[in-house]
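User: I would like to learn how to read a fold from its coordinates. Please take me through one, feature by feature.

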Amino acid sequence: MSDALPLLEVDSLVKTFPNRNGRGGIHALNRVSFTQRRGETIGIVGESGCGKSTLGRTILQLIRPTSGDVRFLGKQLTLLPDEALRQMRRHMQMIFQDPFASLDPRMNVASLIAEPLVIHRLGTAAEQATEVARLLETVGLPAEAAKRYPHEFSGGQRQRICIARALALHPELIVADEPVSALDVSIQSQILNLLNVLKRERGLTYLFISHNLAVVKYVADTVAVMYLGRIVEMGPAEQIYEDPKHPYTQSLIAAIPALQPGSGPSAPPLQGETPDPEHPPTGCAFHPRCPHAMARCATEAPKAVDIAPGSGRHAVACHLHD
């Protein structure tokens, strides 16, 4: 496949979780669309409950979408039967937020890392053991760690084990769902540096999900800002952080702690709470909290417009720009 073609294409992705009573539902994703190039890191940011994690899991088909398309490596994932989808999972893996919860405490590290190889029947037992040792070295853990169990490691070491397991099948896409939020700040930088090194050495493509915009700034090439199941702004990381266009993005970035008071961008602080996704506001979902809301914002949902006409790389869904 040509490198000029997108690695991942998401088109009008919708996910609604039905209520127990069968009436209505929670609108977790509302027509999300974007493309991702090979080797590109897209940071997905937004407040808790905006649909970031649901987006990552739906792209990997861990959660089946209500509607919409996900095309990866030229194949429509939403149409693949179970066995074909299982084979595609070799090329896309996930790193979860809580490394302890995602590791079986009854299995030692060698078994945990080798499990994907066993499931896909790759290599002999000896070859798998060799690959485990190589992966441990890659993520900065000693070979003797293979004999130990998850509870014997620190949080940062456990996340390195999870990264090694995600690398076992040599994937092209890794969805990292809040991979450092459960770690101490000093350890976060080590894990982020490791992910950046692995990206360069292995040509990886990351979908990096986080509520921490400072962390995303460090790793992302492109940033997509989500609010209540929609992408409200998406563009090159440098442009998003230096000149955000959507009022929600402006407020999020202004809230990032600055080393020197007054040195960062300013914007009115966010007011109120995120609306109920079961009963989202009409029109622009952000209008009840927006300091620039107009009458049309309450009735008309904004369409994404290209801030740099012709580039297609910085789009914002806001009536202030259409």
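**Reading helix 6**

Analyst: Start with burial, where buried means under 20% relative accessible area, exposed over 50%, and partly exposed in between (1.4 Å probe, protein chains only). In helix 6, the buried residues are Q188, I191, L192, L194, L195, N196, L198 and K199. The model is predicted: local features need pLDDT of at least 70, side-chain atom pairs count only at pLDDT 80 or more, and totals for chains, interfaces and linings use all residues. Numbering runs from 1 along each chain as its sequence is written, and side-chain values use heavy atoms, with hydrogens and water left out.

User: What covers the buried residues of helix 6?

Analyst: Look for contacts, meaning heavy atoms within 4.5 Å. The cover includes strand 3 (41–45), strand 6 (92–95) and strand 8 (205–209). Helix 4 (125–138), helix 5 (155–167) and helix 7 (213–219) are also among the covering elements.

User: How many residues does helix 6 have, and what span is expected?

Analyst: The expected span is 1.5 Å times one less than the number of residues. Helix 6 covers residues 185–202, which is 18 residues. From first C-alpha to last it reaches 26 Å, close to the 26 Å expected. Just after helix 6, G203 takes a positive phi of about 65 degrees.

User: Which residue has a positive phi although it is not a glycine?

Analyst: Q61 is one, at about 65 degrees. Q61 sits in the loop between helix 1 (52–59) and strand 4 (67–72). H170 is another non-glycine case, at about 55 degrees. Its loop lies between helix 5 and strand 7 (173–177).

User: Now the whole chain. How many helices and strands are there?

Analyst: Count DSSP runs, numbered from the N terminus: helices are H or I of at least four residues, strands E of at least two. The chain has nine helices and 12 strands.

User: What radius of gyration does the chain have?

Analyst: Take it over C-alpha atoms; the globule rule is 2.2 Å times the number of residues to the power 0.38. For 322 residues a compact globule would be near 20 Å, and the chain's 21 Å agrees. The C-alpha atoms fill a box of roughly 65 × 50 × 45 Å along the principal axes.

User: What share of the chain is buried?

Analyst: Buried residues are 47% of the 322. Among contacts with a separation of 6 or more, 63% join residues 24 or more positions apart.
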